Amino acid sequence: MIQGLSAEEWAAVGISLKVAVTAMLVSLLPGLVIAVALERGRFWGRQALDILVHLPLVLPPVVVGYLLLLGFGRKGPIGAFLADHLGIVLSFRWTGAALACAIMGFPLLVRAIRLSLDSVDRKLEDAAGTLGANPAWVFVCVTLPLILPGIFAGMVLSFAKAMGEFGATITFVSNIPGETQTLPSAIYTFTQIPGGESGALRLTLISLLISVSALAVSEWMARRVRQRLSAR
Amino acid sequence: MATVSIRDIRKSFGPVSIIKGVDVDIADGEFVILVGPSGCGKSTLLRMIAGLEDVTSGEIRIGDRLINDVPPKDRDIAMVFQSYALYPHMTVAENMGFSLRLKGTSKAEQATRVGAAAASLGLTPLLDRYPRQLSGGQRQRVAMGRAIVRDPQVFLFDEPLSNLDAKLRVAMRAEIKELHHRLKTTTVYVTHDQIEAMTMADKIVVMHDGIVEQIGAPLDLYDSPANRFVAGFIGSPAMNFVEGTMTEEGLSLPSGTILPLHQRPPAAVGSALTYGIRPEHLQLAPVGTPGAIPAVVTVVEPSGLDTTLIVKAEGGPMTVVLRERVSLRPGDAIALRPVANQSHLFDAAGLRIASL
């Protein structure tokens, strides 16, 4: 079956992986910062930020894609700025697909990290303070190792969401073979052309394989971390 | 080593006042225990000393230094938590050496100091283990070791023995006391267990509802409680209280028995008083003895060392502890004679007005 993939199908697989990994890695640091801010911070506009982060979860993906097009397209305020000053073009590029996927997966990443932050025993952080650690060290030496399972879980969710993202991606960056055509959009294309069933099936199986592998790896990592962190 | 001075400390969470003006002076090297029922503010006060809670008003000093706004890491303290708060991702050695690693101490010195503390606590064979591989008592020791390695000016203990079983608790009690004797570091220790307070403290601070009820040496609190709360809180089994009315002849109990008082308390005839007597200060007397309190035995609890009787007296249930073994059974009628000079009288506000 694998030998049966055409160059275009291989390209879709490659783009999907590239987009998903990029989306996951790019959203990791902001996700961590925002999760900590929302869970621990007390600042003006916290509620608004919380709602903003969760919007992609409740909005139709096409709406998110369209908003991205408005903001990050060549003529959009942010897109024009990025193109003119930094030479970064996102619309109709795979990087744009990565941005769309990162945004769609962001609430999942943030929620997973927040959950694990919530379950951290605050006494462990208190103890570090009394033992001479400043807040930054407390975070690095104590909090971060304790929330690793949540971070892993969030990364897997973000990756999986990116692998499956369709609506926002196709609206923002279209469906250009070899540039922005991801697995879902390739499958969609196959279903739109006569005789495309076997191609759709092949890519569906690949998609299934990647998702199951990602789940298995994350389960294995989570188990190892849990073992290391179990208090008793 | 340092003194700790707490001046008119108050703490509110929003509109709720938790600590309502507390003054405590702790001498250099002293072992002070804050004790009281849950919700009395003792743990909050300890966390304020540690810097983990903000001070609403008042002053806390360690030595001469005002530390109200000093972050915990700069207070030169070490705290032992009820849950031990050991780092699950670090070995025993790493947990114990945590404060040294933060200070940037050399690996060799870390090993020496952790090794010495571990040896003194019998933890040497466990240094490479993780907290999850230890028993409760061992974890407790690691938590203490971590505090010892920090070599602070003040040790803070927050109910450190509450998670241990009864037997281990007694053993660790002695171990902590011995440790303090050896290190002579100023220690503030919080517990709700008055037995811990009595057996370990140089000085006890009894707290209730956000205020200090009494400060004193354990036996002073036991023998001369300032008020009815302290009288009832310190001592196990607890002191017996009987409500009565002051008369010319003595204290008149509800059903008419007159308890003769050896001396005249400063209370007007007719005023309502509470009579308090500890279980070990009641003796068996022949039924009908004048001045003895008639009672009926409800429960007999022989412990081997002594015998505890729970009896139904006219003022309500009372507890009696007898050193000798007795052949009493539930339902037997007895009389209880108070030992002279061992009872207390409290006025309507709960203040002790006389001991006789």
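In the predicted model, contacts within chain B reach well along the sequence: of those between residues at least 6 apart, 65% join residues at least 24 apart. Chain B contains 9 helices and 21 strands, and its C-alpha trace spans about 80 × 45 × 35 Å along the principal axes. Of its 356 residues, 40% count as buried.

Chain B also meets chain A, and here 21 residues of chain B are in contact with 19 residues of chain A. Three elements of chain B, namely β6 (77-80), α3 (98-103) and α5 (136-150), each supply at least two residues of the side that touches chain A. The largest share of this side comes from α3(B), with 4 residues. Sorted by class, the side of chain B that touches chain A holds 13 nonpolar, 3 polar and 5 charged residues.

Helix α1 (residues 7-40) of chain A packs with helix α10 (residues 197-229) of chain A at an angle of about 30°, and their axes lie 11 Å apart. Angles under 35 degrees count as roughly parallel, and α1(A) and α10(A) are therefore roughly parallel to each other. Their crossing is right-handed. On the α1(A) side, the contact is made by A:Glu9, A:Ala12 and A:Val13, while α10(A) brings A:Gly199, A:Arg202, A:Leu203 and A:Ile206. Together, the residues of this contact of α1(A) with α10(A) divide into 4 nonpolar, 1 polar and 2 charged.

Key. Residues numbered from 1 in each chain as written. Chains lettered and ligands numbered in written order. Predicted model: local features only at pLDDT ≥ 70, side-chain atom pairs only at ≥ 80, totals over all residues. Axes fitted to C-alpha atoms, helices over the stretch in contact; angles between N-to-C directions. Parallel < 35°, antiparallel > 145°, perpendicular 65-115°, else oblique. Left-handed = near helix turned anticlockwise from the far one by under 90°. Contact = placed C-beta atoms within 7 Å. Nonpolar A, V, L, I, M, F, W, Y, C, P; charged D, E, K, R; others polar. Buried ≥ 20, exposed ≤ 12 C-beta atoms within 10 Å, placed from the backbone.
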